[in-house]
Amino acid sequence: MKPAPFDYVAPRTVAEAVAALGDTRRKAQVLAGGQSLILEMHLQRIRPGLVVDINRIPELDRMSVEGGELRVGALIRHAAFETADAVPGPLGTLLSRAVVNIAHPPIRSRGTLAGSFGWAHPASEWCAIGVALDATVEVTGHDGVRALAAGEYFLGPHRTARRPEELITAVRLPLLGERTGVGFVEHRRTHFCFAQVAVAAALTVHDGVIGDARIGLVNCADRPVRARAAERTLLGAECDALPAGRRLPDDHPFARAGRVAAVQDAAPVAEPYADVEYKRQAIAVLVGRTLCEAATDLRARLAARERDDR
Ligand SMILES: Cc1cc2nc3c(=O)[nH]c(=O)nc-3n(C[C@H](O)[C@H](O)[C@H](O)COP(=O)(O)OP(=O)(O)OC[C@H]3O[C@@H](n4cnc5c(N)ncnc54)[C@H](O)[C@@H]3O)c2cc1C
């Protein structure tokens, strides 16, 4: 199919883009990487009267570290996160482990992190990391910039707290300290499919005890989920990484957190190849594995630092 007829503008500034989005009768859509929008337009599931192409706005093509946060401009592509040292500390590790699960290289070289927040697909890796880490979505409209907490931004599949006349100008993610270990584990049918279930985790540990736990669930509800009930079960627990490949005992804190996440935090939606029961089982197993990965990551990080200090 071909897209329905539409008008096209390519503004050079954020102010021009916001002005173009202002005429809400035209049902304008922002064109960032185009990796979701163009497909939807071809299928005529989206029929915008106006496409606002933001690719010629240089100020959106910047990534910076400011005040303990990574600020990702709206034109930063997925591929920018493929190497762990693109972003300092454990956050760089987490983003680089997650990004390889997003589609394949051509899509990653065009699609944008902010575009994933704009599209708000429940199976988006970035969006689940955003809610787990308390990211901020910066949106710009006629009245200036609003900072929306990721936890309140997602309202359902492709539904967000962004107003139609607002442009996402950046997404801000907090940097993670050196006592934090991270993990990301994904399960999907084929390499190019969206995740059936994926989990992001960050564990902050002092004297061997977990002081802060962040768990994000991908495709485990109609929107990205922060597994708060599971996180609570981990506070004060010993951070005990098992050797890779060893099955978690049922009474291990990570296994318990997995079961809690599957039952109390997730609200899975059935899919053709994964019913709700299957998804709950996958969540329980994957949360446990991701927490093990985070614990192992922290152990390796601390050992490397000790070596460097000697
Ligand atoms: C085969 C295939 C596999 C894929 N697999 C995955 C996957 O595994 N995981 C995953 O997360 N994604 C996947 N994607 C989607 C991909 O990551 C997209 O790049 C992403 O969802 C949207 O980013 P984009 O920059 O391409 O946005 P676009 O396609 O340009 O826009 C998507 C939507 O977001 C809105 N939008 C974009 N930017 C802004 C902005 N700055 N302000 C306001 N609204 C905005 C647009 O109006 C539009 O509604 C896949 C896509 C394909 C085609």
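Colleague: Into which domains is the chain divided?
Modeller: There are three entries: domain 1 (7-53), domain 2 (59-174) and domain 3 (180-309), with bounds that come from an automatic or database domain assignment. This is a predicted model, in which local features need pLDDT of at least 70 and side-chain atom pairs count only at pLDDT 80 or more, while totals for chains, interfaces and linings use all residues. Residues are numbered from 1 along each chain as its sequence is written, and side-chain values use heavy atoms, with hydrogens and water left out.

Colleague: How far apart are the C-alpha centres of domain 1 and domain 3?
Modeller: Those two centres are separated by 37 Å.

Colleague: Turning to leucine 148, in which strand does it lie?
Modeller: Leucine 148 belongs to strand E7, residues 144-149. Helices (H or I, at least four residues) and strands (E, at least two) are DSSP runs, numbered from the N terminus.

Colleague: Is leucine 148 buried or exposed?
Modeller: Leucine 148 is buried, because its relative accessible area is 12%; buried means under 20%, exposed over 50%, and partly exposed in between (1.4 Å probe, protein chains only).

Colleague: What is leucine 148 in contact with, leaving aside neighbours within four places in sequence?
Modeller: Its contacts (heavy atoms within 4.5 Å) are Ala135, Thr136, Val137, Val139, Tyr153, Ala161 and Arg162.

Colleague: How many residues of helix H3 are buried?
Modeller: In H3, residues 89-99, nine of the 11 residues are buried, including Leu91, Leu94 and Leu95.

Colleague: Which residues have the most contacts inside the largest nonpolar core?
Modeller: They are Ile54, Phe81, Leu95, Phe117, Trp126 and Ile129, in a core of 55 residues. Such a core is a set of buried Ala, Val, Leu, Ile, Met, Phe, Trp, Tyr and Cys residues joined through side-chain atoms within 4.5 Å. Apart from that one lies another core, of 36 residues, among them Val185 and Leu234.

Colleague: And salt bridges, what does the count come to?
Modeller: The count is 20, where a salt bridge is a side-chain nitrogen of Lys or Arg within 4 Å of a carboxyl oxygen of Asp or Glu. One of them pairs arginine 45 with glutamate 40, with the closest N and O atoms 2.9 Å apart.

Colleague: Is arginine 45 buried or exposed?
Modeller: Arginine 45 counts as exposed, at 57% relative accessibility, whereas glutamate 40 is buried at 11%.

Colleague: Which residue meets glutamate 231 in a salt bridge?
Modeller: Arginine 226 does, at 2.9 Å from N to O, and both residues are buried. Salt bridges with shared partners join Asp134, Asp212, Arg214, Arg226 and Glu231 into one network.
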